[in-house]
Amino acid sequence: KDILTVALELITPTATPEVRICAYGMLPKLLRCVARQPAPHDTSSPSFGQVAYNEAVRRLLAGLMREAEIVEQDESGSEDSLEVLCVGLDTLSHVLEAGYNSQQRGDWTTMPLADDFVRSIMELLQRLMLGTIQRRVTQQQETEVLDDEDNDLLERREEWEQSLMNSCQEALGWLLRIKCEAAVPFFQAILDPLVVQMLPEGNSLEVRLAGMCIYIDVLEFGGRLGAGVAGAVAPILLEFLRGEDEDARQTGAYGVGVLAQYGGDALTPALLVEVIPMLLALILPPGEEKAAAAAAAAAKKLSNDAEDDEDFFDDDTDSYVRDNAISSVLRLCRYRGNMFDAQQLLQRGVLTWLPLKEDLREAQSCHAQFVEWAASGDPALFGAQGEHLRAVVGVLASLMVDTRSDVERAAEARLVEDGDAEEEEDKMFEEQYVSK
């Protein structure tokens, strides 16, 4: 408790950048330690952990506003101020994640975020996102007239700017998970006007990807009000799937699954006919001829015009893009199976592709979708006469065997400093998942 108090006091511009970085970095671990303390017998008043969590969020917001001012006023273009801001924002994201995990566990070791906090976080993110977009445009113009040494500095600053945008997306994602539909009115009033400007083709791909990822989170976690962005999401997802950039294709592949589950009428039959061949082209082995042939065959199968092709689904390509595409095909089969021949994709596709092995976070989400679907006993998965039962049970068995090794691999591969907490959450997920 004493160390936490000191760390919060050190989030001040009077401290050196190195001290502020250390203070920000300590907060997530300290809050987890506080949260592990036994709950007080008297539940009529907040616990120390709950009070500390709210105080940490308040101090973080005030500190990050000051860090933003320092970056905006830094005419020298030094890396220090930008690095401190990135570390601080990353800390806010981790603190919000801890709040979400506490909420999911039902232990409420953190207090629910009040509306004033939600509004302040949205305003902070809007300021930071607008600032980094403007600075990157300026830096791009300066790059054309600088020497190699100055260009190296700008490249390092560009990396920090991209990290800042990524942390903005992550923090907003956790906020949306915590508040769900209640956060959408704040998003619409504060952030949506900026995100709308980030999506047109005149922006850089990085900016457009950031805007699209934000809209996908709003659609996935924003409930009925969040579904309002589906119409803007759909055409850009198609564009990303057609593109050559791997990050864009992964975003498009993931977004299609979200659109399938939450997009309502925005996912039309005509759009579906375009989307499924694109996803299959990402899943099948690389090679223009084979991918094109697969896409053409998929389009025909949607209309029930093609004969069976034993080589239609091949399985020797692994990548994050592929895993996200498989996850989206699963969601399409589950939530839009009445719009196309889902049985073909299930029997000869999804049930042979699982479990996922590369994108471990997406694997958790995808496997949970499959387990929930199987637990529901839906004939659309098992087949009208139970003809897919053997394959479904085989996938479930594989998932139970592979889950622990996947969790261990994720922990070993993790480079972030708070890996202990994430491993703890993985184990919690694993227990719930195998139980289901």
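T91 touches Y24, G25, L27, P28 and L60, leaving aside residues up to four places away in sequence. T91 is found in helix α4, and at a relative accessible area of 4% it counts as buried, since the cut-off is under 20%. Keep in mind that this is a predicted model. Overall, the protein has 20 helices and zero strands, and 49% of its 436 residues count as buried.

- Helix α4 covers residues 79-105, which makes 27 residues.
- From first C-alpha to last, α4 reaches 39 Å, close to the 39 Å expected at 1.5 Å a residue.
- S93 also has its place in helix α4, and it is buried, with a relative accessible area of 2%.
- What does S93 touch, not counting residues up to four places away in sequence? The partners are S167, E170, A171 and W174.
- Just after α4 comes G106, with a positive phi of about 85°.

**The nonpolar core**

- The largest nonpolar core has 118 residues, and L113 and L332 are the ones that touch the most other members.
- Helix α9 (residues 205-221) supplies the largest share of this core, 10 residues.
- Setting aside residues up to four places away in sequence, L332 touches V256, A260, L267, L272, V275, I276, L279, G337 and F340.

**Salt bridges**

- How many salt bridges are there? The count comes to 13.
- E9 pairs with R59, and the closest N and O atoms are 3.3 Å apart. E9 sits in helix α1 and R59 in helix α3 (residues 48-73), so this pair ties together parts that are 50 residues apart in sequence.
- R58 and E55 meet through their side chains at 2.6 Å, N to O. These two are three residues apart in helix α3, so about one helical turn separates them.
- The general rule behind that spacing is that an α-helix has 3.6 residues a turn, so residues three or four places apart point the same way.
- R58 comes out as partly exposed at 40% relative accessibility, and E55 is partly exposed too, at 24%.
- E9, E55, R58 and R59 are linked in a network of salt bridges.
- E161 and R135 form another side-chain salt bridge, at 2.7 Å from N to O. This pair links distant parts of the chain, with E161 in helix α6 and R135 in helix α5 (residues 115-143), 26 residues apart.
- Are E161 and R135 buried or exposed? Both of them are buried.

**Loops and backbone geometry**

- Which peptide bond is cis, with omega near 5°? That is the one from L354 to P355. P355 is found in the loop between α16 (342-353) and α17 (360-375).
- C180 has a phi near 55°, which is a positive value in a residue other than glycine.
- You'll find C180 in the loop between α6 (148-179) and α7 (184-190), and at 35% relative accessibility it counts as partly exposed.
- E387 belongs to the loop between α18 (379-382) and α19 (389-413). With a relative accessible area of 48%, E387 is partly exposed.
- E387 and Q347 are 40 residues apart in sequence, while their C-alpha atoms are 9.3 Å apart in space.

**Surface and overall contacts**

- V6, L10 and V19 form a nonpolar patch on the surface, and together they have about 200 Å² of accessible area.
- L10 lies in the loop between α1 (2-9) and α2 (17-35), and it counts as partly exposed at 32% relative accessibility.
- The accessible surface of the protein comes to about 20,800 Å², with 51% of that belonging to carbon and sulfur atoms.
- Among contacts with a separation of 6 or more, 73% are between residues 24 or more positions apart.

Conventions
Residues are numbered from 1 along each chain as its sequence is written. This is a predicted model: local features need pLDDT of at least 70, side-chain atom pairs count only at pLDDT 80 or more; totals for chains, interfaces and linings use all residues. Side-chain values use heavy atoms; hydrogens and water are left out. A nonpolar core is a set of buried Ala, Val, Leu, Ile, Met, Phe, Trp, Tyr and Cys residues joined through side-chain atoms within 4.5 Å. Buried means under 20% relative accessible area, exposed over 50%, partly exposed in between (1.4 Å probe, protein chains only). Helices (H or I, at least four residues) and strands (E, at least two) are DSSP runs, numbered from the N terminus. Contact means heavy atoms within 4.5 Å. The expected span of a helix is 1.5 Å times one less than its number of residues. Patches are made of residues with over 30% relative accessible area and no salt bridge: like charges are joined within 9 Å, nonpolar side chains (Val, Leu, Ile, Met, Phe, Trp, Tyr) within 5 Å. Accessible areas come from the Shrake-Rupley method with a 1.4 Å probe; for residues, only the protein chains shown count as cover. A salt bridge is a side-chain nitrogen of Lys or Arg within 4 Å of a carboxyl oxygen of Asp or Glu.
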